[in-house]
Amino acid sequence: MNATIWHNPKCGTSRKTLAILENLSKVDVEVVEYLKNPPSRDKLAQLFRDAGMTPQEGLRLRGTDAEERGLPDADADTVLDAMVADPILINRPLVETEKGARLCRPQDTVLEIL
């Protein structure tokens with residue numbers, strides 16, 4: 001099985017999720033440091049769709065200015081545009097496999113798509 005993780009190495013939950021993936025011999029992991037290589041707007045929209053969530057639900061509030069910018073109450077297009085322009089606004093880690101995508105908070109959520 002292939003898995004892609006949009007990862008921030010400074011995030012404990014992201015590191016724990018990556019460790020789960022790396023410790024499973026059946027999983028070939030692609031790590032994308034999304035702050036350096038953010039997903040495209042279309043990819044981000046697809047990840048949220050596949051995870052069954054809205055862009056607003058994938059918005060990182062802690063440690064960002066999302067609330068000051070009114071993003072929690074903004075429409076999906078505005079949130080996606082903001083995330084593409086400033087990827088720190090993307091909550092992490094997002095993981096995608098052929099079984100779907102998940103925002104892995106808590107990290108054990110990744111097991112749902114393995």
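Two strands are taken to pair if DSSP finds at least two bridges between them. Strands (E, at least two residues) and helices (H or I, at least four) are DSSP runs, numbered from the N terminus. The structure is a predicted model: local features need pLDDT of at least 70, side-chain atom pairs count only at pLDDT 80 or more, and totals for chains, interfaces and linings use all residues. Residues are numbered from 1 along each chain as its sequence is written, and side-chain values use heavy atoms, with hydrogens and water left out.

An open sheet of 4 strands runs in the order β2-β1-β3-β4, with mixed pairing. Its edge strands, β2 and β4, each pair on one side only. On average, neighbouring strands are turned by 15° against each other, direction ignored. β1 and β3 pair in the antiparallel sense over 4 bridges. Thr4 has Glu96 of β3 as its bridge partner.

Helix α1 (residues 12-22) lies across β1, β2 and β3, at about 165° to β1. Axes here are lines fitted to C-alpha atoms, for helices over the stretch in contact (heavy atoms within 4.5 Å); angles run from 0 to 180 degrees between N-to-C directions. Thr13, Ser14, Thr17, Leu18 and Leu21 of α1 are buried, that is, under 20% relative accessible area (1.4 Å probe, protein chains only). Seen down the helix axis, these buried residues fall within an arc of 135°, so they line one face of α1. The arc is that of the directions from the axis to the C-beta atoms. The buried residues of α1 pack against β1, β2 (28-33) and β3.

Helix α2 (residues 41-51) lies across β1, β3 and β4, at about 80° to β3. Its buried residues are Leu44, Ala45, Gln46, Leu47, Phe48 and Ala51. They pack against β1 (2-7), α3 (76-85), β3 (94-97) and β4 (100-103). Just after α2, Gly52 takes a positive phi of about 70°.

A nonpolar core is a set of buried Ala, Val, Leu, Ile, Met, Phe, Trp, Tyr and Cys residues joined through side-chain atoms within 4.5 Å. The largest has 22 residues; Leu44, Phe48 and Met83 are among those with the most contacts inside it. The elements giving two or more residues to this core are α2, α3 and β4. Its largest share, 5 residues, comes from α2. A second, separate core of 10 residues includes Ala3, Leu18, Val27 and Cys104.

Two cis peptide bonds involve proline. One joins Arg92 and Pro93, with omega about 0°; Pro93 is in the loop between α3 and β3. The other runs from Arg105 to Pro106, with omega near 5°. Pro106 is in the segment after β4.

Notes
Buried < 20%, exposed > 50% of the residue type's maximum accessible area, 1.4 Å probe, protein only.
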